[in-house]
Each structure stands twice: as structure tokens, then as C-alpha cells.
Amino acid sequence: MRTADPILTGARDRRSRPATAGPSSAAAPAAPQVVILAAGMGTRLGRKQPKPLTPLMDGRSIMQQQLDGLRAVFGEQVPVTAVVGYRAKAVMRAQPDLLFAFNPDFAVTNTSQSLLRALRSSPAGGVLWLNGDVVFDPAVLDHAAPLIRADESFVCVDTSTVADEEVKYTLDADGFIAELSKTVVGGLGEAVGINYVSAADKPALIEHLAACEANDYFERGMELSVQHAGVRFHPLDISRFSAVEIDFDDDLQRANSWLGSRAALQPLAAELG
């Protein structure tokens with residue numbers, strides 16, 4: 001679980017906008033390619049449906065909350081590919097407008113192999129990817145937009161918490177990611193599952209994801225690309241925004257609590273303009 005305290009932001013959720021409203025071409029950052037990793041079985045949460053389809057307190061699924069945020073920030077036509085595996089048809093039926101990549105080995109592989117499939121099939125250019133179980137404030141994407149526009153690789157990190165079971169990181173002398181794994185000692189914070197690889201760095205990441213073991217998380221491929229190919233990932237601090245990775249029921253309750261707080265603050269945000 002990764003989480004930060006809820007704050008009132010610019011109300012980027014689709015629920016907060018008029019039904020016909022959308023970001024203007026002048027206001028919306030250029031849309032990146034987006035990948036959502038949605039192939040896993042989500043056994044720790046203990047639900048029958050794929051974890052990205054888990055319903056939230058506002059009636060949306062985790063994946064729908066992600067898509068609403070992406071479209072609010074980058075525009076309705078942002079290209080999104082979901083990597084599916086476990087109960088793939090259920091995800092595809094729920095989101096028929098997405099592109100899909102299939103990981104047939106979802107039961108015996110981890111996120112490194114799902115991301116590898118997505119990046120190998122992606123068009124030229126950088127890629128923004130999300131774990132399919134992260135409920136997050138769309139303001140995270142606004143915060144990341146300058147680095148996306150500059151096509152610079154980054155890892156979204158939360159410096160407010162460093163839990164033993166989460167992916168942690170350290171930095172090199174120049175302030176870029178040095179280590180990135182659950183076994184990092186002396187971690188400076190946690191990776192929240194929202195990352196970007198630039199067009200220039202993508203080939204090296206693909207090469208090192210291919211070198212991962214089947215059960216490795218994608219962070220192992222990132223770490224190898226740092227160590228052996230000199231890839232430099234910025235640590236993008238999103239600690240002031242809310243981001244919760246849903247592993248257990250307690251995480252789901254935290255995410256729902258944030259969404260409830262956000263919904264309660266919407267009328268105040270509208271009054272303040």
C-alpha cells in the first residue's frame with residue numbers, strides 16, 4: 001500500500017466536470033502513450049474479478065478512475081493500452097475502447113513481463129505506465145506533465161512513507177534513481193506505480209526487462225537499465241497528492257476515504273472557482 005494524505009486540488013476528475021466539457025487543446029498537455037498493467041490475479045485482495053475492475057465508493061472501478069484522470073489531464077483521445085491476462089475478457093468488455101496486449105503467462109510471470117510485452121508493441125516515443133491497482137489524484141499527472149513534455153524518464157515517488165514491503169529507492173550523486181526494489185536498504189521513499197520512460201531510454205528498458213526473471217517486478221528491469229545502460233530516471237515527488245496502491249482491504253478503505261473526502265470538498269471547490 002502506498003498512500004498520501006488527501007488534499008483539495010483542481011478537481012480534475014471527470015465527475016467534477018460538465019458532461020460535455022473537455023480540456024482545450026491549449027490547456028491540455030500533449031498526450032503520451034499510456035500503458036495500464038492489468039494482467040495480474042490480485043489474490044491478496046481476495047476478489048473474483050480482476051483487481052482493476054474492483055468497484056470504488058463512487059461507483060467507478062479502479063481502472064475507470066485511472067482513465068477518467070488520464071482523459072481529464074491529457075484529453076479524451078489519450079492512447080491507452082491495457083495489458084490483460086487474468087479474466088482478460090472481463091476487462092475488455094468493461095473498457096472496449098482501449099487497445100489491449102495479452103500476457104498469456106499471467107499466472108506464472110510478474111509485471112516485468114507484462115510491461116515488456118507492452119513496450120515491444122508500442123509505437124515510437126515515450127510511454128507512461130501505471131500499475132492497474134493504483135487509485136490516484138489526477139493532479140499527479142498535471143505534476144508529471146512537464147517531464148513528459150520534455151520526454152524525460154521518471155519514477156513517481158512518495159517520500160512520506162517507507163514501508164518494508166513496498167518498492168523503495170535510493171539516489172545517485174546526481175539525484176537520479178540508483179536502486180529501486182523491495183529489498184533496498186535505507187530507502188528515501190516508495191515508488192507509487194506511476195512511471196515514464198523516454199523514447200531514447202525505451203530500447204534499453206526493453207532490453208533489460210527481457211533479461212529479468214519471470215517473477216521479477218518491472219522495477220528490476222528499470223534498476224538493471226540504470227546499472228548497465230546508464231538510464232537516468234528522475235524521482236518525481238508526488239507526496240503532496242493522494243496515491244493508494246490497492247493490495248488489501250485496508251488499502252481499498254483508504255482509497256475510498258480519500259474519494260469520499262474529495263467528493264465532500266467538490267461543492268467548496270466550485271464556490272471558490
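This is a short chat about reading a few features of a predicted protein model.

Reader: Before we start, what should I know about the model and its numbering?

Author: Local features here need pLDDT of at least 70, side-chain atom pairs count only at pLDDT 80 or more, and totals for chains, interfaces and linings use all residues. Residues are numbered from 1 along each chain as its sequence is written, and side-chain values use heavy atoms, with hydrogens and water left out.

Reader: How many helices and strands are there?

Author: Helices (H or I, at least four residues) and strands (E, at least two) are DSSP runs, numbered from the N terminus. This protein has 7 helices and 11 strands.

Reader: What share of the residues is buried?

Author: Buried means under 20% relative accessible area, exposed means over 50%, and partly exposed is in between, using a 1.4 Å probe and protein chains only. Here, 55% of the 273 residues count as buried.

Reader: Which way do the residues of strand β4 point?

Author: In a regular strand the side chains alternate between the two faces of the sheet. Now look at β4, residues 127-131. V127, W129 and N131 point one way, L128 and L130 point the other way, and all are buried.

Reader: Which strands pair with β4, and in what sense?

Author: Two strands pair if DSSP finds at least two bridges between them. Strand β1 (residues 33-38) pairs with β4 in the parallel sense over 5 bridges, and L37 stands opposite N131 there. With β9, the pairing is antiparallel over 4 bridges; W129 has N195 as its bridge partner in β9.

Reader: What about aromatic pairs: how many does the structure hold?

Author: Rings of Phe, Tyr and Trp (its six-membered ring) pair if their centres lie within 6.5 Å; planes under 30 degrees apart count as stacked, over 60 as edge-to-face and the rest as tilted. The structure holds 3 such pairs. Take Y86 and F106: their ring centres are 6.3 Å apart and the planes sit at 55°, so this pair is tilted. The two residues are 20 apart in the chain, with Y86 in the loop between β2 and α2 and F106 in the loop between β3 and α3.

Reader: Are those two buried or partly exposed?

Author: One of each! Y86 counts as buried because its relative accessibility is 18%, while F106, at 22%, counts as partly exposed.

Reader: And which residues form a stacked pair?

Author: That's F154 and Y196: centres 5.6 Å apart, planes at 15°, so the pair is stacked. F154 lies in strand β6 and Y196 in strand β9, 42 residues apart. Both are buried.
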